[in-house]
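Take a slow look at the fold before reading on.

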Amino acid sequence: MLGWELPPHNSGGLGVACYHLAKQLAQEGVSIDFVLPYKAEHSINFMRIHSATQVRPEVVQLPGAYDSACYACEDSEACEHIEPTTLRKQQVHYTKHVEKMVKKETPDVIHAHDWLTFEAGMRAKQLTGKPLIAHVHATEFDRSGEHHGNPLVHEIEYNGLMMADKIIAVSHITKELIVKEYDISADKIEVVHNSIDIGSLEPIDGANTYTYVEAMKNRGYKVVVSVGRLTVQKGLNYLLDAARRAIYIEPKLLFLIAGSGELRNELLLQSAQLGIAENILFTGFVRGKAWRDAYAIGDMFVMPSVSEPFGLVALEAAGYGNALLLSKQSGVAEVLVNKLTYDFWDTQKLADQIVAIAQHDALRHTLHQEATKEYATFSWQKATNTFLAIYENLKPAEALV
């Protein structure tokens, strides 16, 4: 299994999904060698972790799967937090390490998660003839939002998808995008939705981290929470426009936006220009208690993504008791019933939904209660059963080199 991150050194949902899927597969008797591009302690005993380099993420900020805009980038101003070409060098080291591994011990199946591992997956297939699964958590079309994205990354994705024996898409939205944009046969693609381990969410404990927000709630304010990277893909600029419209009707609204990313300064400026800065709170990147408390203090959770292949944060928000407002351009909306949805660009509809939940306790309570019940039914078992069947049905070919 080839992945780019695992908790706690993850920058988004990719690492979380890899962790829980691998854990459930291991419980079903699958022996997993998981390759990472860095060296770190993960306290994992259900699979073998291999480090492609000695780089430690707590010392050096590693480029990740979401930094595709900076891939092989020569314009340092476009990627201030990443040294140009660093991501490419990391990927080359990763592929070489996988080459050495499969020459020593041949796997039965090669399972590659997202574009940064596709080259290593293709090379492993060439050397061993074993079947390759390309597991697509997001495409470059998703990461670039409404833009075209990095053509070099598109090329890697296309090659990986073409060479794969089976493609796994995390939603029907993602499958349709792969068929449309990469001209891949729909028969080659199977949809396996992500899920969540309901026992993995730690309980809320002690006083809430956001004491100011609590004080404002005591004064009658309702809190809208959004958790995610501050990138074009996540649609926060649309959320701020909806916030302006909603605050005009219902002034007692606070928006708690948890996350970091390259659009941080732009979003801060936008909130000021819209005249709503006093109602918008940016927490920066959060983990642990601060992350849990962000969900816990919310009256509602908004996922305004322009393109969201799945969206595990929505399941997390349901687990911590939020009413859910999800863009229709999200895969998680395919599996959740109890939610309100809107098109990401329809900021007036989102504003109306926010105001309705803020002003009607019965609506908020019903959405909250039903989403919590629905959350309790989720499990990785269904996805695991699908993967076990795929592993068994894939047939190896002769090594190509």
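The crossing is right-handed: the near helix is turned clockwise from the far one by less than a right angle.

This is a predicted model, in which local features need pLDDT of at least 70 and side-chain atom pairs count only at pLDDT 80 or more, while totals for chains, interfaces and linings use all residues. Residues are numbered from 1 along each chain as its sequence is written, and side-chain values use heavy atoms, with hydrogens and water left out. Helices (H or I, at least four residues) and strands (E, at least two) are DSSP runs, numbered from the N terminus.

Stay with H8. Its residues Tyr238, Leu239, Asp241, Ala242, Arg245, Ala246 and Ile249 meet Thr347, Gln348, Leu350, Ala351, Ile354, Val355 and Gln359 in H12. Contact here means heavy atoms within 4.5 Å. Leu236 also lies in H8, which covers residues 236-249. Leu236 counts as buried, at 4% relative accessibility. Buried means under 20% relative accessible area, exposed over 50%, partly exposed in between (1.4 Å probe, protein chains only). Leaving out residues up to four places away in sequence, Leu236 touches Ser226, Arg229, Leu230, Ile257, Leu267 and Pro304. Gln359 is 123 residues from Leu236 along the chain, and their C-alpha atoms are 23 Å apart.

Now move to H2, residues 86-104. Its 19 residues reach 28 Å from first C-alpha to last, close to the 27 Å expected at 1.5 Å a residue. That expected span is 1.5 Å times one less than the number of residues. Leu87, Gln90, Gln91, Tyr94, Thr95, Val98, Met101 and Val102 are buried in H2. Seen down the axis, these buried residues fall within an arc of 135°, so they line one face of the helix. The arc is taken from the directions from the helix axis to the C-beta atoms. On the other side of H2, Lys100, Lys103 and Lys104 are exposed.

What do the buried residues of H2 pack against? Their partners are strand E1 (33-36), strand E2 (48-51), helix H3 (118-128) and helix H5 (151-163). Thr95 in H2 is buried, with a relative accessible area of 12%. Beyond its neighbours within four places in sequence, Thr95 is in contact with Glu119, Ala120 and Arg123.

H3 has its own buried set: Phe118, Ala120, Gly121, Met122, Ala124, Lys125 and Thr128. Their cover includes H2, strand E3 (110-113), strand E4 (132-136) and H5. Gly129 follows H3 and has a positive phi, near 75°.

Finish with the backbone. Most residues other than glycine have a negative phi, and most peptide bonds are trans. Asp114, in the loop between E3 and H3, has a positive phi near 65°. Asp114 is buried, at 4% relative accessibility. Ser43 has a positive phi too, about 55°. Ser43 sits in the loop between E1 and E2 and is exposed, with a relative accessible area of 78%. A cis peptide bond joins Pro7 and Pro8, with omega about 5°. Pro8 is in the segment before helix H1 (13-27).
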